Amino acid sequence: MGYDNLKLEKGMYRQAGKSFTQVLESLDPSENYRGTALEGTDAFQRQLKRFGIRAKGAGSSPVEKFFATMDSAVLFPEYIARTVRQGMEENDILPAIVATTTVIDAMDYRSIYSVPTDEDKALQDVAEGAAIPETTIKTKEHLVSLKKRGRMLVASYEALRFQKLDIFGVMLRQIGAYIQKQQLADAVGVILNGDGNDNAAVQYKIGTSPISGTSGTLGYDQLVEFWSQFDPYTMNTLLCGNGTMTKLLKVPELQNPLTGLNFQGTGKLTTPLGAQLHRTSAVGENMLIGLDNRYALEMVRAGDVLVEYDKLIDRQLERAAITSISGFCKICDGASAALSV
């Protein structure tokens, strides 16, 4: 069956364990288009081509193009979900701090953890016939609750029907950016306060052992001392707010020519300790969060971006919810810590 004669219907959004695009792909596999002009497109993109819907660029189609037929109207919720997801992925810090992502089909989740002792970390030689040291992995005592984060799309079909998809997409990407910002705040909250299993991050303070200096000042010595607290992990990621970022940029060791060239060429800031530096309003002022992003945090998602497809397909755009359900949990104690400046 070719992409140009598929029968599209609402039920394609209701198939358990499959997204709308996955359902389309099962009916119109992308592998069938290798060596053709449509190679590199997915099943949804081919449906947009089928109905002459152009989603981007100066010649983008108006919103009403989706509603020219009942089949093409079925594509509208997926278009919204994809565009919101694009906004979530733009400037998204979460991939830089999350060690792994788990997708579940529930609202609660019980993760696993391991808290090795100093003896476990040493990995001593095992004599012949002796028992091999054990690493115990347990399920956490308390469930990790997921949070629904989203925005309400409030608009009438009459207000949007003649608007170009290009400008409408900007609004949708902004919704995605808001959702991503809320999820990042959730992640930072779990790093600092724990996930309900008595595993809040250790918090150090400048001027209080083992961090030297005077409260309110931040220098290279304090960064090194903070970095040294992560053994056997590696502090490879730093999160901070605007005020702390300003203090960091004034540290002389951050003002060397190579750091400046890297920032000017890539837009990424790197500390002298090799950690990637990310600025976010989710971290309070005078606070610096360090973590080993390979071991610190797990992201749990209940599905993908959800939209109220019934309303959208039936042109009932007024107060249509766009949501994403996610939560975070700590993996390894000691892989994250906070420094009060």
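The expected span of a helix is 1.5 Å times one less than its number of residues. Helices (H or I, at least four residues) and strands (E, at least two) are DSSP runs, numbered from the N terminus. Helix α8 has 29 residues. From its first C-alpha to its last, α8 reaches 42 Å, close to the 42 Å expected at 1.5 Å a residue. Just after α8 comes glycine 194, with a positive phi of about 85 degrees.

This is a predicted model, in which local features need pLDDT of at least 70 and side-chain atom pairs count only at pLDDT 80 or more, while totals for chains, interfaces and linings use all residues. Residues are numbered from 1 along each chain as its sequence is written, and side-chain values use heavy atoms, with hydrogens and water left out.

Now take the whole chain. It has 12 helices and 15 strands. Of its 341 residues, 42% are buried. Buried means under 20% relative accessible area, exposed means over 50%, and partly exposed lies in between (1.4 Å probe, protein chains only). Contact means heavy atoms within 4.5 Å. Among contacts with a separation of 6 or more, 78% join residues 24 or more positions apart.

The axes of α1 (20–27) and α2 (residues 43–50) are 8 Å apart and meet at an angle of about 80 degrees. Axes here are lines fitted to C-alpha atoms, for helices over the stretch in contact, and angles run from 0 to 180 degrees between N-to-C directions. Under 35 degrees counts as roughly parallel, over 145 as roughly antiparallel, 65 to 115 as roughly perpendicular and the rest as oblique. So α1 is roughly perpendicular to α2. On the α1 side, Phe20, Thr21, Leu24 and Glu25 make the contact.

Which residues of helix α9 are buried? In this helix (residues 220–227), they are Gln222, Leu223 and Phe226. They cover an arc of only 100 degrees around the axis, so they sit on the same side of α9. The arc is that of the directions from the helix axis to the C-beta atoms. An α-helix has 3.6 residues a turn, so residues three or four places apart point the same way. The cover over the buried residues of α9 includes β7 (202–205), β8 (237–240), α10 (242–249), β11 (287–291) and β15 (336–340).

Next come the charged pairs. A salt bridge is a side-chain nitrogen of Lys or Arg within 4 Å of a carboxyl oxygen of Asp or Glu. The whole structure has 14 salt bridges. One of them joins arginine 14 and aspartate 310, at 3.5 Å from N to O. Arginine 14 is in the segment before α1, and aspartate 310 is in helix α12 (residues 309–313), 296 residues apart. Arg14 and Asp310 also belong to a network of salt bridges with Lys10 and Asp314.

A second bridge pairs aspartate 304 with arginine 85, their closest N and O atoms being 3.3 Å apart. Aspartate 304 lies in the loop between β12 (297–301) and β13 (306–307), and arginine 85 in helix α4 (residues 76–89), so the bridge ties together parts 219 residues apart in sequence. Aspartate 304 is partly exposed, at 36%.

Arginine 173 pairs with glutamate 90, with the closest N and O atoms 3.5 Å apart. Arginine 173 is in α8 (residues 165–193) and glutamate 90 in the loop between α4 and α5 (94–97), so this pair ties together parts 83 residues apart in sequence.

Is phenylalanine 67 buried or exposed? At 7% relative accessibility, phenylalanine 67 is buried. It lies in the loop between α2 and α3 (70–73). Its C-alpha is 8.2 Å from that of arginine 315, which is 248 residues away along the chain. Leaving aside neighbours within four places in sequence, phenylalanine 67 contacts residues including Phe76, Tyr157 and Leu312.

Finally, look at the backbone in the loops. The peptide bond from serine 209 to proline 210 is cis, with omega near 10 degrees. Proline 210 lies between β7 and α9. Another cis bond joins aspartate 231 and proline 232, with omega about 10 degrees. Proline 232 is in the loop between α9 and β8. Aspartate 198 is not a glycine, yet its phi is positive, near 55 degrees. It sits in the loop between α8 and β7 and is exposed, at 79%.
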